[in-house]
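Visitor: I have a protein open here and would like to talk it through. Can you take my questions as they come?

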Amino acid sequence: MPERRATAAAGRWLLPLATLALVLVVVEAWVRSGAAPSTLPRPSDVGRLLVQEQASLRGQLGVTAFVAGCGLFTALAAALAVGFLAHALPRAEAPVLTVGAVLGSIPMIAIAPILSVWLGLGLGTRVLITAVVCFFPLLASVVQGLREARAAEQELFTVIAASPWQRFRLLALPSAVPLLFVGLKIAAPLAVLGALIGEWNGAETGLGVVMLNAMFGLQVQRLWATVAIACAVSMLAYGYIALVERLAGYDRVAPAEGQAT
């Protein structure tokens, strides 16, 4: 059984990696043939640039990752606080979700310049932009997760006259953890996007700044290199949350795989 699960897991990763390798080989051959547009560099050139400028790119990536992490944790703290309010006051749940949905539907790339003008170009503004981008998926998962407590457990807390805080901390919050991981897996890649949007609006450092400079300077290889880094970091962020979820025993996919094998 463990061997079958290991094989299934390996197959789940090998197929996308093989597909990606095939696409890179095809693109490399296409560019070398001279038929590709000039805005498409050879993947080997992009890889060479990543190696040559790894120290500089690593420093810029560190700034972006810091903003993304701070924004994600800020959004998580805000979602838990608002979720507690909705749990303690059930009538507030629908308005809270409505406000969250409206907030989540706002195109952040459109209002980020306004926030930068109002609040300045500092790190706090970029963290705020990232937090707003991540907030709604986390809020929806928290509010939905807080309903997961069983009726018998809720009755027990009613019998012992538990306070709203005790109900939230000891009953609702532990029950919400599985869905909270789902929200985190959605929000973690969004945090990278939010950090990039913040950096596109007047920041002086960060991967987004390198991306903008490369675009306006027609540095195609550097532009594709920053895009590749951003995509890789987003996937790693998702993978890290998924790994923590599995190690903590909240992965709901694992039992189904075990049953299938």
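Visitor: Which helix gives the most to the nonpolar patch?

Guide: Helix α5, residues 108-119, gives the most, with four residues. Before going on: this is a predicted model, where local features need pLDDT of at least 70, side-chain atom pairs count only at pLDDT 80 or more, and totals for chains, interfaces and linings use all residues. Residues are numbered from 1 along each chain as its sequence is written, and side-chain values use heavy atoms, with hydrogens and water left out.

Visitor: Which residues form that patch?

Guide: Ile114, Val117, Trp118, Leu119 and Leu128, with about 560 Å² of accessible area together. A patch takes residues with over 30% relative accessible area and no salt bridge; like charges are joined within 9 Å, and nonpolar side chains (Val, Leu, Ile, Met, Phe, Trp, Tyr) within 5 Å. A salt bridge is a side-chain nitrogen of Lys or Arg within 4 Å of a carboxyl oxygen of Asp or Glu. Areas come from the Shrake-Rupley method with a 1.4 Å probe, and for residues only the protein chains shown count as cover.

Visitor: Is Val117 buried or exposed?

Guide: Val117 is exposed, because its relative accessible area is 68%. The cut-offs are under 20% for buried, over 50% for exposed, and partly exposed in between (1.4 Å probe, protein chains only).

Visitor: New topic. How many helices and strands are there?

Guide: The protein has 11 helices and zero strands. Both are DSSP runs, numbered from the N terminus: helices are H or I with at least four residues, strands E with at least two.

Visitor: How many aromatic pairs does the structure hold?

Guide: Four. In one of them, the rings of Phe84 and Trp165 have centres 5.7 Å apart and planes at 75 degrees, so this pair is edge-to-face. Rings of Phe, Tyr and Trp (its six-membered ring) pair if their centres lie within 6.5 Å; planes under 30 degrees apart are stacked, over 60 edge-to-face, and the rest tilted.

Visitor: Where do Phe84 and Trp165 lie?

Guide: Phe84 is in helix α3 (residues 54-88) and Trp165 in helix α8 (residues 164-199), so the pair ties together parts 81 residues apart in sequence. Phe84 is partly exposed at 27% relative accessibility, and Trp165 is partly exposed at 46%. Phe84 also forms an edge-to-face pair with Phe168, 5.0 Å centre to centre and 75 degrees between the planes.

Visitor: And is Phe168 buried or exposed?

Guide: Phe168 is buried, at 5% relative accessibility. Phe84, Trp165 and Phe168 form one aromatic cluster.

Visitor: Which residues touch the most other members in the largest nonpolar core?

Guide: Of its 29 residues, these are Leu72, Ala79, Cys134, Leu138, Leu139, Leu146 and Leu184. Helices α3, α6 (123-145) and α8 each give two or more residues to this core, and α8 gives the most, with 11. A nonpolar core is a set of buried Ala, Val, Leu, Ile, Met, Phe, Trp, Tyr and Cys residues joined through side-chain atoms within 4.5 Å.

Visitor: What is Leu72 in contact with?

Guide: Leaving aside neighbours within four places in sequence, its contacts (heavy atoms within 4.5 Å) are Thr130, Cys134, Leu138, Leu184, Ala187, Ala188 and Ala191. There is also a second, separate core of 11 residues, which includes Val46, Leu49, Leu207 and Ile229.

Visitor: Last one. Is Thr64 buried or exposed?

Guide: Thr64 is buried, with a relative accessible area of 3%. Thr64 is in helix α3 and, not counting residues up to four places away in sequence, touches Ala195, Leu196, Glu199, Gly206, Leu207 and Gly208.
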